[in-house]
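Could you walk me through the pockets of this protein and the residues that line them?

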Amino acid sequence: MKTNDEIIKIAATTLKTEAEAVRKIADFVNVDFAECVKFIHNSKGRLIVTGVGKSAIIASKIVATLNSTGTPSIFMHAADAIHGDLGIVQTDDIVLCLSKSGSTPEIKVLVPLVKKNGNKLVALVGNISSYLANEADFVLNATVDKEACPNNLAPTSSTTAQLALGDALAVCLLDLKGFSSADFAKYHPGGSLGKRLYMTVYDLCKGNEKPLVKMDSSLKDVILEISSKRLGATAVVENELLKGIITDGDLRRMLQKDTDISVLKARDIMSVGPKSIEAEELAVHALALFQSQNITQLIVTDKGKYCGFIHFHDLLREGII
């Protein structure tokens with residue numbers, strides 16, 4: 001049985017070996033890579049990504065990344081392609097083939113069929129002298145010195161290099177497309193990531209209580225409104241426009257004064273210019289305000305019109321924090 005120190009050493013060596021493999025393939029990014037990126041960007045078709053074995057698994061991940069960043073892509077297993085799935089490939093499509101050796105039997109059968117159909121072929125390959133590299137229109141060099149596996153057999157460094165080069169391809173295409181965070185949100189509507197990119201302040205506030213009193217509302221009405229809506233505050237509104245805020249803290253401070261409370265109106269105790277946020281702002285911007293201002297709630301407005309309140313807990317509930 002290995003000791004803890006021995007296991008830690010093996011893990012660290014593996015990570016360093018793979019990191020070095022990725023560092024080295026950065027030196028292989030050349031004009032051919034740039035021309036390939038531009039060709040894919042200008043293509044009217046899709047990118048069909050294929051491979052066998054571990055390369056097929058990496059190919060599937062690359063497809064997911066490309067699709068999520070605006071480059072239409074389809075995964076096609078090379079073995080399935082030569083048994084009927086080649087029909088996926090349409091006239092204007094580009095085929096990106098992943099392979100460490102570039103000479104597996106499935107690849108040798110698939111490549112001539114792709115070229116016969118007139119589709120451009122991109123090789124993301126670990127052997128630039130291989131059959132696949134020699135037949136490809138573009139070659140993306142993913143050569144590694146050795147696998148992280150101690151026997152230099154199990155695909156480790158080579159698949160990490162493929163994955164990293166696929167990410168580089170996706171990011172370059174993303175940049176050429178001018179792909180923005182708003183575009184990203186369209187493809188990622190689910191989960192906390194999507195919510196951070198598309199959920200607005202109004203989305204949060206519209207389901208909350210909406211406490212409000214008018215400028216001439218009595219102190220009793222103010223207390224009842226704050227108590228019934230359970231937010232610890234109420235907006236002061238006139239003709240739908242936000243005029244101020246009254247918090248339970250304002251009420252306590254007012255009661256400590258030697259004042260005839262029977263004649264007090266909302267206008268007399270409200271705080272003018274309360275902290276607020278526009279309804280169309282992203283909820284994540286509200287989070288920044290909560291943190292920078294050290295507050296737990298904000299009034300929501302739409303060009304000065306009162307819309308409601310949001311609370312720090314609303315962000316917690318939606319998983320935005």
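The lining of the second largest pocket divides into four nonpolar, seven polar and two charged residues; here Ala, Val, Leu, Ile, Met, Phe, Trp, Tyr, Cys and Pro count as nonpolar, Asp, Glu, Lys and Arg as charged, and the others, Gly among them, as polar. Helix H3 (54-68), strand E3 (94-99) and helix H7 (157-177) each give two or more residues to this lining, and H7 has the largest share, with three residues. Helices (H or I, at least four residues) and strands (E, at least two) are DSSP runs, numbered from the N terminus.

This is a predicted model, where local features need pLDDT of at least 70 and side-chain atom pairs count only at pLDDT 80 or more, while totals for chains, interfaces and linings use all residues. Residues are numbered from 1 along each chain as its sequence is written, and side-chain values use heavy atoms, leaving out hydrogens and water.

A pocket is an open set of points on a 1 Å grid over the protein atoms alone, where a 1.4 Å probe fits, with protein on both sides within 12 Å along at least five of seven lines; lining residues have an atom within 4 Å of a point. Points are joined across faces, edges and corners, and a volume is the space filled by probe spheres set on them.

| Pocket | Volume | Lining | Nearest the centre |
|---|---|---|---|
| Largest | about 270 Å³ | 13 residues | Ile245, Thr247, Lys275, Ile295 and Gln297 |

In the largest pocket, strand E8 (241-247) and strand E11 (297-302) each supply at least two lining residues. By class, its lining has five nonpolar, six polar and two charged residues.
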